[in-house]
Amino acid sequence: MRLLLLLLFLLLHISHSYAAGAAARAVTELRALIAVKSSITDDPQSYLSNWNATTPLCSFAGVTCDLTGRHVTSIDLTNFTLSGTLSPSLAHLRFLQNLSVAANDLSGPIPTELAVLSNLRYLNLSNNVFNGSFPTQLSQLKNLQILDLYNNNMTGELPVSVTELPNLRHLHLGGNYFSGQIPSSYGRWEHLEYLAVSGNELSGKIPPEIGNLTKLKQLYIGYFNSFEGGLPPEIGNLSELVRFDAANCMLSGEIPPEIGKLQRLDTLFLQVNALSGSLTPELGTLNSLKSMDLSNNMFTGEIPASFAQLKNLTLLNLFRNKLHGRIPDFIGELPGLEVLQLWENNFTGSIPQKLGSNKKLQVLDLSSNKLTGTLPQDMCSGNTLQTLITLGNFLLGPIPESLGKCESLSRIRMGENYLNGSIPKGLLGLPQLTQVELQDNYLTGEFPFTDSSISANLGQISLSNNQLSGALPASVGNFSGVQKLLLDGNKFSGPIPAEIGKLQQLSKIDFSHNKFSGLIPPEICKCKLLTFVDLSRNELSGQIPTEIT
């Protein structure tokens, strides 16, 4: 009997001790969360109002507990608009697996005490104002899979200690003030799928060891970094890579042909660098490629014939290089092409006549080249074209009449060519139009009549230096949003309509070098924003109202 009573006593004692221990742990975690709240100096939306001793900690806003309801496993305070610091008391939440305070206004250093959170798998401190260097102690977080420090004020050398986190799959250190070189040890990770060091102050060469990250799917190294040399050929070893952004980071040299091995790549951004040589033909073997931006470099030569294989391409930017030769006809036959920008090169020959026939073209900018021939007829066949810029070439022939029905069109800039014929009917009345530049051509006919339903967003009409004639219709007063109306250097005649006074947004008007006659309409003084008026070299009488001189 005594033995039975003794066993019962021991069981009760163990049970009581366990319950007391659990209660103590719960209190510890509760106190830890209260301490976290005390480090917050501003909570404008009162998201943490229920973080108090009278609320069960598992009911705190943004807090998730395990199935037993005893331990905090996740804290998500993303976009709570909080100010203050991150409390070291988080270290008492030993079962914490996920911690996000992204998109707040938290400052100060990252607490080194977080290093004891051995279960932590997800740590997102992005879009705050944390400062100081990266705590080397965090290398103890061996289970960490995601570390995001994007867009803070972190300084010091790009941390090497993160390479001691063997299970990392996602590392974002971009948008800070880290300096130094990309360590060669960054090639160690066996599971890393996402690496971003863009938007820092890095220098030196890109280490060839970066090619060891064979699981990598996204790599971002550009913007504000200033690397020496070019891309290492080992970049071709990243066989799983889907997105590669190395824009604006002082890269030089040629694109290595090994880049053609990246068969999963769908985005390649190398713009705003000092890359040179010819466009690597191996780029044409990237069958998955959708977006390629090689603009603002020093590439020479012609567009490779291999680019005809890029059947999935939606964006091709080659502007501001030193490319020459013809624009290949196959460019106009790419089935998914939406954006084509080739401006400021030395391209010659005619524009591919099938451009836009895929019914997907949205942006076309071929300006400042040496193109000849006529404009394609089907540029807006899918009614998707928004921007059309061909100024500064040697283009001939008429503006396609189909553009007068292109309701998606927002900007059309075709100045400084040799275009003739009349302005397409309906062009100036398109609902989305904001800018029309047709100056310095050989256009004839009259100013297009427009009704009152035209876009109020049309801010600029430039028809200067053509051969347009006839009277200016009263419907010019329907352009309620126009700020610049430039008709100089034509053969317009007759009176300036009084409806010009309805243009309340007008700041610049140039009707010089025409054949306008009659009195200068006094209604022009109703244009209160006018800062420039030129009516010279006409047959007008009267004076410009003193209110606008």
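Biologist: How many disulfides does the structure hold?

Modeller: This is a predicted model, in which local features need pLDDT of at least 70 and side-chain atom pairs count only at pLDDT 80 or more, while totals for chains, interfaces and linings use all residues. Residues are numbered from 1 along each chain as its sequence is written, and side-chain values use heavy atoms, with hydrogens and water left out. With a disulfide taken as a pair of cysteine sulfur atoms within 2.5 Å, the number that the structure holds is 2.

Biologist: What is the handedness of the link of C58 and C65?

Modeller: The sulfur atoms of C58 and C65 lie 2.0 Å apart and form a disulfide. The angle about their S-S bond is -100°, and the link is left-handed.

Biologist: Is C65 buried or exposed?

Modeller: The terms rest on relative accessible area, where buried means under 20%, exposed over 50% and partly exposed in between, with a 1.4 Å probe and protein chains only. Its disulfide partner C58 counts as partly exposed because its relative accessibility is 27%. For C65 the relative accessible area is 15%, so this residue is buried.

Biologist: What is the handedness of the disulfide of C380 and C406, and how many residues apart are they?

Modeller: The sulfur atoms of C380 and C406 are 2.0 Å apart, and the torsion about their S-S bond is about 75°, so this disulfide is right-handed.

Biologist: Which residue in β3 is the bridge partner of V63?

Modeller: Two strands pair if DSSP finds at least two bridges between them, and strand β2 (residues 63-65) is joined to β3 by 3 bridges, the two running antiparallel. They form a hairpin with 6 residues between them, and G69 in the turn has a positive phi of about 75°. Strand β3 (residues 72-76) is mostly covered, with 4 of its 5 residues buried, and the β3 partner of V63 is I75.
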